[in-house]
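Here are my notes on this model, as numbered points. Please read them alongside the coordinates.

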Amino acid sequence: MDVFVQQLINGLTLGSIYGLIAIGYTMVFGIIGMVNFAHGDVFMVSCFIALITFLLLTTWLGVSSIALAFLVVLVVAMVLTALWGWAIERIAYRPLRGSFRLAPLISAIGVSIFLSNFVQVVQGARNKPTPPMLSGGITLFERDGYAVFLAYKQILIMAVTAVLLTGFWYLVQRTPFGRAQRACEQDRKMAALLGIDVDRTISLTFVLGAALAAVAGVLYLMYYGVVSFSDGFVPGVKAFTAAVLGGIGSLPGAVLGGLIIGLIETFWSAYFSIEYKDVAAFSILAIVLIFMPSGILGRPEVEKV
Amino acid sequence: MANFKPATQAAIPESAMAGILRDAALYALVAFGLCVPIIAYRTDPGPGSDLLLTPRWGLVACLCAAIFVVRLLQRLILLRRDARRALTPSPAQATEAVHGEPAASQKSSKIGIRLFVGIALTLPILAALATGGLSSARYWIDLGILILTYVMLGWGLNIVVGLAGLLDLGYVAFYAVGAYSYALLSTTFGLSFWICLPLAGVFAGLWGMLLGFPVLRLRGDYLAIVTLAFGEIIRLVLINWTDVTGGGAGISSIPRATFFGIPFSAGEDGFAARFGIPYDSMHRLVFLYYLILALALFTNFVTLRLRRLPIGRAWEALREDEIACRSLGIDTTATKLTAFALGAAFGGIAGSFFAVRQGFISPESFNFLESAIILAIVVLGGMGSQVGVAIAAVAMVGGPEMLRNLGFLKAVFGEGFDPNEYRLLLFGLAMVAMMVWRPRGLISERLPSVSLGERRAVSGAHVSEGHG
């Protein structure tokens with residue numbers, strides 16, 4: 001029971017991070033029907049931006065307040081990663097609209113290879129450890145010498161995720177941009193005829209997806225305290241799994257899928273074998289895609305001939 | 001409608017110039033935003049566990065300036081070209097769509113192919129002559145073997161992606177199955193390479209079918225992701241199943257290839273002694289070169305013949321339209337599975353060749369990047385074009401190798417500059433650039449497999465793909 005509660009906490013924390021990345025996949029797939037393969041690497045880039053900003057703040061500018069440093073890092077990482085997302089869409093995906101169906105996917109694989117090697121070249125191949133940003137926590141209860149521990153950073157991760165998702169949900173459901181975005185998702189041609197700037201909406205979708213990936217990056221860095229250039233691929237695939245599991249195109253689905261994947265991963269590691277935890281994630285991906293491609297909350301795809 | 005732009009060759013209007021400058025400045029600004037802070041500060045491990053920051057603002061300034069200049073030049077050149085175009089509309093604009101003739105540079109010529117095959121057949125001799133001795137040609141023959149391995153993998157994957165239109169991102173799994181089946185069969189049962197080679201093909205083909213079954217219903221992006229997941233699962237199992245596969249350490253001391261049973265050794269029974277020629281360690285390498293050349297040409301031969309059989313036509317029909325295919329009574333299950341199995345079998349044969357050449361294999365050689373490289377070769381070659389795939393393999397594998405030799409870059413960028421670091425970076429960029437500028441690949445000429453009357457080449461733009 002104690003181990004169970006502890007793993008539940010760990011799983012929900014990890015799941016929040018996956019959920020944030022998964023939103024980027026699900027929105028882009030919803031609007032232009034492509035798997036943005038480079039999204040995991042955008043997340044990795046945001047980790048590096050956050051790492052360097054944090055180091056700049058603490059060692060060079062001497063900011064001692066953790067709350068202030070965290071906020072600044074979050075904002076800087078979101079803005080700069082959003083710029084990356086925008087630039088990638090502009091350079092690698094927009095010229096391919098109207099090209100054959102697999103062109104964007106192949107281009108995205110190229111971007112993914114470029115980003116990870118770019119970071120390797122400019123920052124070196126080693127793991128980058130960070131000084132702990134936030135330590136300590138609350139012991140929830142203790143029984144037979146096993147303490148169930150809720151770290152402050154876990155609380156922060158879940159709180160930030162919840163706040164951002166609420167804000168994001170508001171943005172998509174209640175604002176003109178959200179309406180335009182949903183309209184493009186349903187029918188791009190019709191939306192364009194009704195006066196929606198489709199290109200701009202798609203750009204903004206990428207920007208928002210990248211900004212959320214940046215939040216995930218900051219939280220990931222804070223949680224694990226280490227990042228390397230190759231850290232984009234596996235979290236990216238897991239987040240994509242989450243997006244598919246929740247039903248691709250559905251925002252609550254992405255978060256739900258993220259939480260489920262996070263829970264499965266932590267419980268698998270705790271009760272079965274830690275070596276095969278990535279095998280578990282990849283297997284779930286394959287099984288979900290094969291047997292329930294529309295996911296939990298998604299709409300089944302109808303093919304028109 | 002005629003375009004009445006009052007633009008002439010020489011003069012660029014003042015307002016246009018200001019716009020171009022502003023545009024270039026905007027590009028530089030975006031580049032600046034992307035560089036900060038990831039290029040501007042380098043993190044280096046300092047004393048203890050802390051990271052030290054080293055500022056590199058000079059580099060950022062250089063990059064932004066370079067982007068400013070490039071964009072400026074690009075806009076100016078485009079402006080000139082547009083001005084010329086506005087005066088003389090291209091006659092091709094109206095007719096291109098009807099005839100669908102591929103551009104001259106995208107066709108493959110008969111002479112070109114013959115030259116290509118000729119060079120491939122005589123490469124060891126040419127290299128030996130050029131470098132003055134067989135042993136000094138080692139580098140070139142090694143490179144030739146590497147390129148031909150990728151040509152073979154590309155042709156194998158071309159059956160799945162190019163002909164049947166099924167995007168497979170986990171092709172490297174079959175390469176791994178082939179390599180591990182030779183390594184395990186030879187080290188544990190002592191089977192010879194010549195027995196293992198077809199066996200590796202059979203095993204990989206079976207795996208192709210096995211993994212093909214569950215994905216029969218999937219198409220496009222989803223199919224790609226599932227095959228990627230399968231590829232990763234196989235790699236992770238190879239890493240973690242230490243009892244059988246040796247785990248991350250891999251399998252070493254795999255028996256070397258023999259000349260149909262005669263070893264390449266200096267002893268009495270060796271290849272050199274039997275044939276009465278002086279012993280040279282390069283004999284083995286030259287033999288391996290011709291072996292992979294033969295295997296690659298065999299793959300090509302099989303593919304070209306199959307294309308004319310009903311099954312080959314069914315593949316191409318499947319690529320064009322699966323629903324139409326089914327309604328015409330083609331068994332899509334069997335069609336897809338044969339494509340998967342055959343492609344996988346060739347991958348497996350290439351894998352066992354890889355194992356015998358290296359003498360050592362580990363899961364590291366079979367990561368996703370390898371799949372991406374093989375896929376890139378097929379895509380850049382122009383999906384479905386055999387010659388294009390070969391050219392793309394030479395460009396993608398040989399090109400980065402050339403980068404190693406560019407000594408003058410060191411003189412420009414300083415001693416610490418290692419061009420090889422940029423290999424994959426440029427590789428990723430090339431994939432994007434190719435999709436943006438030439439999504440149909442290097443060779444986008446297609447000869448229809450069946451036609452009424454005269455067989456006319458059509459542009460690749462008329463071939464659909466990726467419905468898979």
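1. How are helix 3 of chain A and helix 4 of chain A oriented to each other: roughly parallel, roughly antiparallel, roughly perpendicular or oblique? They are oblique to each other. Angles under 35 degrees count as roughly parallel, over 145 as roughly antiparallel, 65 to 115 as roughly perpendicular, and the rest as oblique. Helix 3 covers residues 66–93 of chain A and helix 4 covers residues 103–123 of chain A; they pack at an angle of about 130°, with axes 10 Å apart. Axes are lines fitted to C-alpha atoms, for helices over the stretch in contact, and angles run from 0 to 180 degrees between N-to-C directions.

2. Basis of the notes. This is a predicted model: local features need pLDDT of at least 70, side-chain atom pairs count only at pLDDT 80 or more, and totals for chains, interfaces and linings use all residues. Residues are numbered from 1 along each chain as its sequence is written, while chains are lettered from A and ligands numbered from 1 in the order in which they are written. Helices (H or I, at least four residues) and strands (E, at least two) are DSSP runs, numbered from the N terminus.

3. A:I88, A:A92 and A:Y93 of helix 3 meet A:P104, A:S107 and A:V111 of helix 4. Contact requires C-beta atoms, placed from the backbone, within 7 Å. Five of these contact residues are nonpolar, one is polar and none is charged. Nonpolar covers Ala, Val, Leu, Ile, Met, Phe, Trp, Tyr, Cys and Pro; charged covers Asp, Glu, Lys and Arg; the others, Gly among them, are polar.

4. The A–B interface. Chain A puts 52 residues in contact with 50 residues of chain B. Helix 2 (39–60), helix 3, helix 4, strand 1 (128–129) and helix 11 (277–291) of chain A each supply at least two residues of the chain A side. Helix 4 of chain A gives the largest share, 14 residues. The chain A side divides into 40 nonpolar, seven polar and five charged residues.

5. Chain B overall. It has 18 helices and six strands. Of its 468 residues, 41% count as buried (20 or more other C-beta atoms within 10 Å; exposed means 12 or fewer, partly exposed in between, with C-beta atoms placed from the backbone). The domain assignment, automatic or from a database, gives domain 1 (14–90) and domain 2 (112–405 + 438–462). The C-alpha centres of these two domains of chain B lie 40 Å apart.

6. A helix pair in chain B. Helix 4 (residues 110–131) and helix 5 (residues 138–163) of chain B cross at roughly 155°, their axes coming within 9 Å. The two are therefore roughly antiparallel. Their crossing is right-handed. B:L123, B:P124, B:A127 and B:T131 of helix 4 make the contact with B:W140, B:I141 and B:G144 of helix 5. These residues divide into five nonpolar, two polar and no charged.

7. Backbone points to check in chain B. B:V36 and B:P37 are joined by a cis peptide bond, omega about -5°. B:P37 sits in the loop between helix 1 (14–35) and strand 1 (41–45). B:S253 has a positive phi, near 45°, and is not glycine. Its loop runs between helix 9 (242–245) and strand 3 (258–259). B:S253 is exposed, with 10 other C-beta atoms within 10 Å.

Key:
Two residues are in contact if their C-beta atoms, placed from the backbone, lie within 7 Å. A crossing is left-handed if the near helix is turned anticlockwise from the far one by less than a right angle, and right-handed if clockwise.
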